[in-house]
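User: I am new to this structure and would like to learn how to read it. Can you take me through some features, one at a time?

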Amino acid sequence: MNQLTVVIPHFEGADFDAMAVEFASSPLTKGIVVLHDGSFTGRLEQCRSIETKTPGSGTALKALLAGVKTEFLLFVTQTQRVTLGQHALSRLAAVAGETGAGMVYADYYELKQGTRVEHPVIDYQFGSIRDNFDFGALQMYSVGAINKALKLHGPIADVQWAGLYDLRLKVSVDHRLFHIQEYLYTKAEADTRKSGEKQFDYVDPRNQAVQKELEHISTQHLKNVEAYLAPRFAKIPKCEEVFPVEASVVIPVRNRERTVADAVRSVLRQKTDFAFNVIVVDNHSTDGTTKILSGLAAEDKRVHHFVPVREDLAIGGCWNEAVASSLCGRFSVQLDSDDIYSGETTLQRIVDVFHGSDVAMVIGSYKLVNMDLEEIPPGTIDHREWTPENGRNNALRINGLGAPRAFQTHLLRSNPLPNVSYGEDYAIALRLSREYQIGRIFEPVYLCRRWEGNTDAALSIEKINRNDQYKDRVRSIEMYARQARNKVTRTQPMILQP
């Protein structure tokens, strides 16, 4: 019979003891390893313990692996009670053996306010290198796959938090990570916040040390799979087109009668030394948005309001309509219909970066505010994790790059955005950064207004999964493209700037 070692992070209370007993009672379990901060004294015969400040410590994981003699290693990754379903451990082990997977994971039930609800997870793919991929609370690894991965790709890094992330990526190079589409266990809900409150965790300044570790690990993984790009960038191709204005602010909108006028007026207040306009693509609004925009266009000739002929456009498609228009300026600058520019110099600052450097796009920083423009946590989102040298590699790990985003219009015309309403900006940023440098503004020039009407305010698990799966797919496409580019450039280098 297959045997396994179970690894559990210690937490205080009766739930820990009950969970440890449940795992120990399985005929598959040969031993249990408790990761703890010094508080665990041990009450089970099969238990051994490893003292560590953080469960993700590379040192702790190396000590763990040195003592493992079983075929499988099961990590419990949360400090709340996990209750196993019928034959859960044997099912995980059987699928791991039958598929030859390096790691298996499963869907689960979640207890929310005393009610058990389904929590499906998604399939792992080549581009699923983000550190917040939801595997649930149980990850069962093949010890043979671990040993092979560490032999081929080096030992677990000497990190404080990112050891399991490093192990997962190393195993994934040569082994599949297999999703069992069955609800095999129940766990307590670990994070009760709404989706819109969770999405900025990775840019919290308090997490910077963790983020640097994660960046180091993911960058090495890209090197292992030959998708890493060295800090050499192509020059922006010359553009001979004649543009009506220097910059156009593009606002796709549908049914935003409460916010769109504020957005447009924040553009019209801009003070610049160049001509600009606003292109508002009204995607067949059914509320008062169309009437509001018609009135704004009548008041100011810089406002161009049009309703596209096509009725199958998402946000990306609306952007493509605006960029292809003869009204569009040399630079296309983003503004969401919920948001506003924070001052009168935002547009000038963005265009100055284009004129001062050879970049394909410029990304600014923003401040989160409520509808009264009062700052709300976590405040300023500046993406200081970005560096000119490694930003385009680290971009494959994180979930976004910031706002506002601005582009060289002629590059967008030859590289249209995907016609989707989630991740379209992320996809084009990855595509452009594959070849060109990206400019950054690290001071807030944009106010992101959070309210109940935001499309990402409180998403269902099904919508979250769909969004995550799409961005992982975008990452997969980009990583395959970078692999191909690396093969080409090894034999036929591009003309690059230092």
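User: Where is asparagine 277 placed?

Analyst: This is a predicted model. In it, asparagine 277 sits in strand 12, which covers residues 276-282.

User: Is asparagine 277 buried or exposed?

Analyst: Buried means under 20% relative accessible area. Asparagine 277 has 4%, so it is buried.

User: What does asparagine 277 touch, leaving out residues up to four places away in sequence?

Analyst: Its contacts are Val245, Ala247, Ser248, Val249, Arg302, His304 and Leu327. For distance, take glycine 423: asparagine 277 is 146 residues from it in sequence and 25 Å from it in space, C-alpha to C-alpha.

User: Now rings. How many aromatic pairs are there?

Analyst: The count is 15 aromatic pairs. Take tyrosine 109 and tyrosine 183. Their ring centres are 5.0 Å apart and their planes meet at 25°, so this pair is stacked. The cut-off for stacked is under 30 degrees.

User: Which parts does that pair tie together?

Analyst: Tyrosine 109 is in strand 6 (residues 103-112) and tyrosine 183 is in strand 9 (residues 177-188), so the pair links parts 74 residues apart in sequence. Tyrosine 183 is partly exposed, at 26% relative accessible area.

User: What lies over the face of tyrosine 109?

Analyst: Arginine 116 does, at 4.0 Å from the ring centre. Likewise, lysine 471 lies over the face of tyrosine 426, at 4.9 Å from the ring centre.

User: Which residues do ring pairs link into a cluster?

Analyst: Tyr105, Tyr124, Phe133 and Phe135 form that cluster.

User: How do I read empty space?

Analyst: Rolling a probe the size of a water molecule over the atoms shows where empty space is left. Here the count is 1 cavity of 30 Å³ or more. The largest cavity holds about 40 Å³. Phe133 is one of its lining residues, along with Val121, Ile122, Arg130, Asp134, Asn465 and Asp468. By class, the lining has 3 nonpolar, 1 polar and 3 charged residues.

User: Now the backbone. Which bond joins proline 377 and proline 378?

Analyst: A cis peptide bond, with omega about 0°. Proline 378 belongs to strand 17 (residues 375-381). The bond from alanine 403 to proline 404 is cis too, with omega near -5°. Proline 404 is in the loop between helix 12 (391-394) and strand 18 (405-408).

User: What is phi of glutamine 113?

Analyst: It is near 50°, a positive value in a residue other than glycine. Glutamine 113 is in the loop between strand 6 and strand 7 (115-119). At 84% relative accessibility, glutamine 113 is exposed.

User: And where does histidine 383 lie?

Analyst: Histidine 383 is in the loop between strand 17 and helix 12. Its phi is also positive, near 50°. At 2% relative accessibility, histidine 383 counts as buried.

Methods:
Residues numbered from 1 in each chain as written. Predicted model: local features only at pLDDT ≥ 70, side-chain atom pairs only at ≥ 80, totals over all residues. Heavy atoms only, no water. 1 Å grid on protein atoms, 1.4 Å probe; cavity = no way out; pocket = protein on both sides within 12 Å on 5 of 7 lines; lining within 4 Å. Points joined across faces, edges and corners; volume = space filled by probe spheres on them. Nonpolar A, V, L, I, M, F, W, Y, C, P; charged D, E, K, R; others polar. Phe/Tyr/Trp six-rings, centres within 6.5 Å; stacked < 30°, edge-to-face > 60°. Helix = DSSP H or I, 4+ residues; strand = E, 2+ residues; numbered from the N terminus. Buried < 20%, exposed > 50% of the residue type's maximum accessible area, 1.4 Å probe, protein only. Lys NZ or Arg CZ within 6 Å of the ring centre and 35° of its normal. Contact = heavy atoms within 4.5 Å.
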